[in-house]
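Good morning, and thank you for the time. I would like to take you through one structure and its contact surfaces.

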2 protein chains.
Amino acid sequence: MSLTFKRASLVAQVADAIRSQIHGGTWREWIPSERELSNSLHVSRNTCRFALHMIYREGLAEPIQGRGIRVKRATPASGGPAVATRHSVGVIIPEPIGRLRPSNALMIEELQAELYDMGVRLQLHSSPAYYGGNPRHALEKLVEKNPHDCWILVLSQRPLQSWFMQRGLPCVISGSIYDGVELPSVDFDLRAVCRHAVGMLLAQGHRRIVFFNRQLRAAGDLDSEMGFHEGVRGTSYEQVEARVVYHDDHLASVASLTKQLFKGSMKPPSALIVANPYCYLSVMSTLARLGFRVPDDVSLISRDDDPFLNHVDPEPARYIYDVTHLARKVMFLVRSLLDGGLAKRDAVRIVPHFSAGGSVRKQ
Amino acid sequence: MSLTFKRASLVAQVADAIRSQIHGGTWREWIPSERELSNSLHVSRNTCRFALHMIYREGLAEPIQGRGIRVKRATPASGGPAVATRHSVGVIIPEPIGRLRPSNALMIEELQAELYDMGVRLQLHSSPAYYGGNPRHALEKLVEKNPHDCWILVLSQRPLQSWFMQRGLPCVISGSIYDGVELPSVDFDLRAVCRHAVGMLLAQGHRRIVFFNRQLRAAGDLDSEMGFHEGVRGTSYEQVEARVVYHDDHLASVASLTKQLFKGSMKPPSALIVANPYCYLSVMSTLARLGFRVPDDVSLISRDDDPFLNHVDPEPARYIYDVTHLARKVMFLVRSLLDGGLAKRDAVRIVPHFSAGGSVRKQ
DNA sequence: GCGTCCTGGTCCTAAAATCAGACCAGAGCT
DNA sequence: AGCTCTGGTCTGATTTTAGGACCAGGACGC
């Protein structure tokens with residue numbers, strides 16, 4: 001045993017890791033981008049680049065401006081690795097987890113914890129590209145570079161769901177599912193929620209009701225709107241004015257809508273249903289600036305819950321969801337997919353419960 | 001094949017080399033002197049020394065002043081199957097992660113992800129019992145049943161920190177540290193933040209300023225208050241009225257304080273600094289009910305950031321923290337503890353940056 | 001006893017490695 | 001055209017490592 005040792009700089013270590021991935025056959029066509037690598041290896045982009053240059057020099061791969069890094073010479077061991085790799089699950093979200101709403105983040109966290117216990121790796125993939133009108137290209141690249149055993153779609157929209165259905169990849173939808181999409185899904189019953197909200201407002205004497213919905217309507221938003229209309233149509237009260245307005249989730253849009261409703265019309269609504277707690281904040285603070293008070297001048301209901309609503313005065317009337325319950329249901333479906341079981345087409349619906357708060361007043 | 005790799009510093013590599021020499025039986029009585037080692041390994045004496053300290057901590061050898069380094073135990077862990085025991089890290093938090101503020105939850109999440117990559121298990125332990133005045137009993141039980149290799153204390157208070165210091169358990173404090181506690185810690189510089197906030201309000205012409213602080217003052221709250229007072233004392237403006245009021249984090253308490261300030265006195269404050277985004281919401285919504293407008297009637301500053309503040313109109317002036325940065329610093333300390341490295345007593349301070357928003361107006 | 005030479009312990013400064021950004025141009029998609 | 005991705009390039013901060021100087025204690029020869 002000699003007293004020498006192989007002194008390995010970080011760059012060399014990273015190069016080793018990359019090399020072994022290439023030889024192992026994990027990356028057959030393309031190597032992840034420099035930024036992705038540096039992110040997942042927890043290493044700066046510079047050291048990553050130096051390591052890659054070692055790889056280039058060895059002729060294992062080559063960089064292509066604007067496209068990525070192509071593998072040139074893959075494996076010395078031609079026999080497929082066929083390693084019984086540990087399972088992995090990919091989660092698709094529109095934004096980095098830190099920017100999701102806490103309840104969504106919490107759900108993912110629970111999944112992560114439980115999967116960890118099963119020895120399964122959960123990897124997050126966040127990009128608005130998956131949520132556009134035509135995510136095909138981005139998704140192809142995604143699933144090519146990340147061969148997960150199961151996918152979980154969060155806050156997913158129709159193109160995303162359709163693509164996964166067509167590709168036949170194993171996946172579970174956390175959130176509402178669109179008509180015609182046949183995939184296992186778990187969701188809260190937003191349709192029932194909104195129907196209930198309208199009914200309650202009507203019973204309290206409100207006749208001019210506005211539903212603040214999202215412009216970019218996800219399946220859940222469509223469900224909600226259906227429930228809203230059902231609630232309106234199902235009433236026997238007369239002279240009910242109910243309408244839906246659309247915002248784009250940003251303060252500016254919500255604020256201008258609110259101003260329009262309350263300053264631009266002679267008969268402002270007496271009650272609002274708001275689809276999203278953030279939007280609730282926007283509406284509430286804009287109303288305050290306009291001089292309207294809750295619930296004296298206008299009643300408010302939030303369709304969703306979020307921890308911060310506990311700190312708003314008056315406490316918002318809202319529907320409360322059990323996120324842990326949701327996570328458990330999702331896990332159940334994921335597990336059955338990982339076990340190679342059939343993808344049950346079940347659309348599990350969880351019914352939230354109503355918390356009255358103090359933001360609704362009899363009219 | 002996973003994309004992880006064991007990141008090894010030079011020190012760790014040297015320690016490995018030394019360890020293998022000991023286990024291989026090359027050195028049976030004495031290890032070469034530090035200077036000899038550093039010479040033959042082509043490594044500076046400092047890195048050599050750090051590596052040796054790891055060896056000392058493992059009980060493989062001991063330094064003897066003036067003589068040399070004696071081998072204590074040559075064989076690898078006696079009997080034991082020499083399991084490369086997977087490390088585990090425990091995180092102590094006051095509430096279940098779903099009820100923490102998003103930024104805290106996010107930080108823990110990042111830790112979890114990174115530790116996962118290192119093959120380290122992160123386990124959460126949440127209970128108010130650890131945060132009481134005398135957590136001794138609960139903590140004894142906790143560490144007995146959960147022998148983690150490192151602990152992370154989040155939102156910790158003095159008794160908790162003191163106990164860990166006395167017990168000498170390896171731990172890192174995420175958040176402010178109390179005077180006299182000598183443990184590695186990472187925190188945002190709240191003192192600087194509050195000093196800056198006061199200075200800015202004074203410069204804008206505000207003369208009656210109130211700081212909403214938490215009754216149960218954690219170290220960070222104390223720091224903030226210090227900064228607040230420093231900012232006030234350091235001014236050359238005259239007739240400044242600055243005071244601190246305390247709430248218990250709940251809406252009721254904040255609301256009654258606000259009413260007291262704005263209805264109970266002839267001269268309500270013209271500007272408020274609020275230590276907590278939830279509290280900011282409470283203050284803001286209570287003010288709205290009282291008929292005060294932001295920023296026309298009163299200016300508001302939030303000491304902390306949270307995603308939902310983006311949706312409040314007007315956008316709150318606040319200080320923005322880079323949670324990822326915090327997580328990375330914590331990870332750094334944790335890693336050095338797991339490696340058996342020195343527990344650096346460094347108190348890392350991260351300075352947030354100010355976002356002006358629209359909730360402050362010249363007086 | 002004394003000096004000398006070795007040892008580890010402590011501290012400091014300079015160089016090197018690494019990190020964390022910014023900005024650019026090329027490529028591909030909408 | 002505009003957007004967003006890619007790799008290429010550069011820069012300034014931070015961390016790690018190198019290479020010293022200096023100290024006190026032990027060993028040893030005188």
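Predicted model: local features only at pLDDT ≥ 70, side-chain atom pairs only at ≥ 80, totals over all residues.

Residues are numbered from 1 along each chain as its sequence is written, and chains are lettered from A and ligands numbered from 1 in the order in which they are written.

Around DNA strand C there are 27 residues, a residue being near a strand if its C-beta atom, placed from the backbone, lies within 6 Å of it. Leu10(A), Ser44(A), Thr47(A), Gly66(A) and Ser33(B) come nearest. By class, this surface has five nonpolar, 14 polar and eight charged residues; Ala, Val, Leu, Ile, Met, Phe, Trp, Tyr, Cys and Pro count as nonpolar, Asp, Glu, Lys and Arg as charged, and the others, Gly among them, as polar.

DNA strand D is surrounded by 25 residues, the closest being Ser33(A), Pro63(A), Leu10(B), Ser44(B) and Gly66(B). Its surface comprises six nonpolar, twelve polar and seven charged residues.

I come now to the protein interface. Here, 42 residues of chain B are in contact with 45 residues of chain A, contact meaning C-beta atoms, placed from the backbone, within 7 Å. On the side of chain B that touches chain A, α10(B) gives the largest share, eight residues; helices are DSSP runs (H or I, at least four residues), numbered from the N terminus. That side divides into 22 nonpolar, twelve polar and eight charged residues.

Conventions
Contact = placed C-beta atoms within 7 Å. Helix = DSSP H or I, 4+ residues; strand = E, 2+ residues; numbered from the N terminus.
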